[in-house]
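Subject: Structure for you to look through

Hello,

Please find the structure below, with the notes on it after that. Read them with the model open beside you.

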Amino acid sequence: MAKASMINRQKKREKLVEKYRERRQTLKDKANDSSLSNEERFKARLALAKLPRNSSPTRLHSRCMITGRPKGYYRKLKMSRIALREYASSGEIPGMIKSSW
């Protein structure tokens, strides 16, 4: 189980990303628009830099929905390899069985 502080930090980042999504996208579009003057593009980049760091989606990290584990994460199932094995072994994931030979 991951530390509660790390899980809470991730949730806080997710809220910030959602809150600033529109503003960040418009500023990025302005900064990359070659039809605008260099001065306007530079102002857009400065405004983008003033936004909170944690509002950037690249600062998010995938975590297991069950345990909060950040490593060994399966995107399709949104869980870690350890939780996946436990649930598969107990038969809680339909169609998935532990292989043996």
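Leaving out neighbours within four places in sequence, Gln 10 is in contact (heavy atoms within 4.5 Å) with Leu 60, His 61 and Arg 63. This is a predicted model, so local features need pLDDT of at least 70 and side-chain atom pairs count only at pLDDT 80 or more, while totals for chains, interfaces and linings use all residues. Residues are numbered from 1 along each chain as its sequence is written, and side-chain values use heavy atoms, with hydrogens and water left out.

Gln 10 is placed in helix 1. Helices here are DSSP runs of H or I with at least four residues, strands are DSSP runs of E with at least two, and both are numbered from the N terminus. Is Gln 10 buried or exposed? Gln 10 counts as buried because its relative accessibility is 6%. The cut-offs, with a 1.4 Å probe and protein chains only, are under 20% relative accessible area for buried, over 50% for exposed, and partly exposed in between.

Helix 1 covers residues 4–32 and has a kink of about 55°, centred on Arg 21. The bend at a residue is the angle between two fitted axes, one for the seven residues ending there and one for the seven starting there. Besides Gln 10, the buried residues of helix 1 include Ile 7, Arg 13, Leu 16, Val 17, Tyr 20, Arg 24, Leu 27 and Ala 31. What do the buried residues of helix 1 pack against? They pack against helix 2, residues 38–50.

Two packed helices are described by the angle between their axes and the distance between the axes. For helix 1 and helix 2 the angle is about 150° and the axes are 8 Å apart. Axes are lines fitted to C-alpha atoms, for helices over the stretch in contact, and angles run from 0 to 180 degrees between N-to-C directions. Helix 1 and helix 2 are therefore roughly antiparallel to each other. On this scale, angles under 35 degrees count as roughly parallel, over 145 as roughly antiparallel, 65 to 115 as roughly perpendicular, and the rest as oblique.

On the helix 1 side, Arg 24, Leu 27, Lys 28, Lys 30, Ala 31 and Asn 32 meet Arg 41, Ala 44, Arg 45, Ala 47 and Leu 48 of helix 2. By class, this contact has five nonpolar, one polar and five charged residues. Ala, Val, Leu, Ile, Met, Phe, Trp, Tyr, Cys and Pro count as nonpolar, Asp, Glu, Lys and Arg as charged, and the others, Gly among them, as polar.

Lys 19 is also found in helix 1, and Lys 19 is exposed, with a relative accessible area of 60%. Lys 19 and Ser 55 are 36 residues apart in sequence, and their C-alpha atoms are 7.7 Å apart in space.

After helix 2

Arg 69 lies in the loop between helix 2 and strand 1 and counts as partly exposed, at 27% relative accessibility.

Lys 78 sits in the loop between strand 1 (73–74) and strand 2 (79–80). Lys 78 is not a glycine, although it has a positive phi of about 60°. At 46% relative accessibility, Lys 78 is partly exposed.

Glu 86 is in helix 3 and counts as exposed, at 51% relative accessibility. Met 96 belongs to the segment after helix 3 (81–89). With residues up to four places away in sequence left out, Met 96 touches Leu 77, Leu 84 and Ala 88. Met 96 is partly exposed, at 31% relative accessibility.

Regards
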